[in-house]
Amino acid sequence: LLAGRANRISIILSTNMNRDQLDHLATRLDLSRDAVEESLRFTGLTPSLSGWRLFIDAILRWVGVATLSAGAIFFIAANWRDFGLAGRFVLLQTAFIICIGVAMWRPSACLIAAPSLAVAFVLAGGMLALFGQSYQTGADLYELFISWAGLALVLVAGSRSPIVWALWWTVLNVGLSLFCGLHGQGEPAWRLVSLGINPELATLLILPFTVNLFGALLLQHLHARQSSPVAAQWLVRLMFAAAFVYGVWAGVLVISGHFGERYNAAPKASGVAFLCLLVGIVLTVVLTVLRRRDVFPLMVVSGSAIILSTVGIGSSLHGGDSGLFFLIATWIIISTAAASIGLMALHRTWQADAPPDVSEGPRE
């Protein structure tokens, strides 16, 4: 019996198993400490010396990308008076062409092509900023970031790197935040998009919420199908978090604008924004439950619901006595505990039902 059990365990461990599945297996079979350590060594889930070297090399590589990109921009800024208008553009364009040439020289080598395109992406933003500063175009700051994201999309798509895509999404979100949160109301561009209607801030925030949410759902689908190297799980989670930051911001404005007088400084937001937020929440929950892979989107939805419900309680109940504070504190404790217990139970169930060859594979 013991020999048969050991043979069955070795067959299971020989498959492509991740750490969560191995932990579940160890709990179900009640493995000893020595057996767990041997299982980790057998499946290659324990970080080896070579694994740590690869990890440190990757960290240092992208730190070098960041310092090289910043150094090129700061070099132009520090020597602004020493170079003429043409000299500044020549330096940045030369560095940009070199980065593109290096990426084309080794297009299949991710260790070379992706970092080179990342530097080229940063230099493209620097050239746009230099153009606006030199010729005093009068463009707003959000136009710089949105133009940067649009013009450099080809570079980012050619990198096939989730890190470069994360950098691109960061630039796009900065532009959307500046446009919707600071400059959107009354802007001619937004009035054209909204068919002449001048919406309020909560409605404006639905634009970045929708962009990030559909991007996260698309990457989640690609990650489940293992059809794109860009669809890394950490990038999917990052985009879900970014989407619901905007969504919660819009929801708080809607709730505080429709309840009581305590939050009369907030704009009276439109109910359309809250409806769009509810549709996004339902879509996220349904697709995540159908895929049964990662509970992080449900965790973000639960946190958003707790924040919105807490704001609703505080806005609808008037008065600043200790009873209201006790009610809000009790609600936060109960809702957070219930969400944590439910999500952990769901996570264990999904990990137990997941096939051994999930997309994450063995982790170093």
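The largest cavity of this predicted model holds about 90 Å³ of space. A cavity is here a set of points, on a 1 Å grid over the protein atoms alone, where a 1.4 Å probe fits but cannot get out; its volume is the space filled by probe spheres set on the points, with grid points joined across faces, edges and corners. The structure holds one cavity of 30 Å³ or more. Its lining, defined as residues with an atom within 4 Å of a point, consists of Gln220, His223, Ala224, Gln233, Val236, Thr288, Arg291, Arg293 and Asp294. At least two lining residues each come from helix H12 (206-225), H13 and H14, and H12 gives the largest share, three residues. Helices are DSSP runs (H or I, at least four residues) numbered from the N terminus.

Asp294, one of the residues lining the largest cavity, forms a salt bridge with Arg237, with 2.9 Å between the closest N and O atoms. Asp294 lies in the loop between helix H14 (271-291) and helix H15 (296-316) and Arg237 in helix H13 (residues 233-258), so the pair ties together parts that are 57 residues apart in sequence. One salt bridge (a side-chain nitrogen of Lys or Arg within 4 Å of a carboxyl oxygen of Asp or Glu) is found in a search of the whole structure. Asp294 is buried at 13% relative accessible area, whereas Arg237 is partly exposed at 31%. Buried means under 20% relative accessible area, exposed over 50% and partly exposed in between, with a 1.4 Å probe and protein chains only.

Residues are numbered from 1 along each chain as its sequence is written. Local features need pLDDT of at least 70 and side-chain atom pairs pLDDT 80 or more, while totals for chains, interfaces and linings use all residues, and side-chain values use heavy atoms, with hydrogens and water left out.

The second largest pocket has about 390 Å³ of space. A pocket is an open set of grid points with protein on both sides within 12 Å along at least five of seven lines. Of the 19 residues in its lining, Leu128, Ala129, Leu130, Gly132 and Leu144 lie nearest the centre. H4, helix H6 (110-135) and helix H7 (141-151) each supply at least two lining residues, and the largest share, seven residues, comes from H6.

A nonpolar surface patch is formed by Trp52, Phe55, Ile56, Ile59, Leu60 and Val63, with about 600 Å² of accessible area together. Such patches join nonpolar side chains (Val, Leu, Ile, Met, Phe, Trp, Tyr) within 5 Å, from residues with over 30% relative accessible area and no salt bridge. Areas come from the Shrake-Rupley method with a 1.4 Å probe, and only the protein chains shown count as cover for residues. Ile56 belongs to helix H4 (residues 49-78) and is partly exposed at 44% relative accessibility.

In helix H16 (residues 322-353) lies Ser335, which is buried at 11% relative accessibility. The Ser335 side chain reaches the backbone oxygen of Trp331 at 2.7 Å.

Most residues other than glycine have a negative phi. Arg160 has a positive phi of about 55°; Arg160 lies in the loop between helix H8 (153-159) and helix H9 (162-183) and is exposed, at 52% relative accessible area. Arg292 also has a positive phi of about 55°. Arg292 is located in the loop between H14 and H15 and is partly exposed at 37%.

Terms used: A polar contact is a pair of N or O atoms within 3.5 Å; within protein, one must be able to donate a hydrogen and the other to accept it, and residues adjacent in sequence count only if both atoms are side-chain atoms. Patches are made of residues with over 30% relative accessible area and no salt bridge: like charges are joined within 9 Å, nonpolar side chains (Val, Leu, Ile, Met, Phe, Trp, Tyr) within 5 Å.
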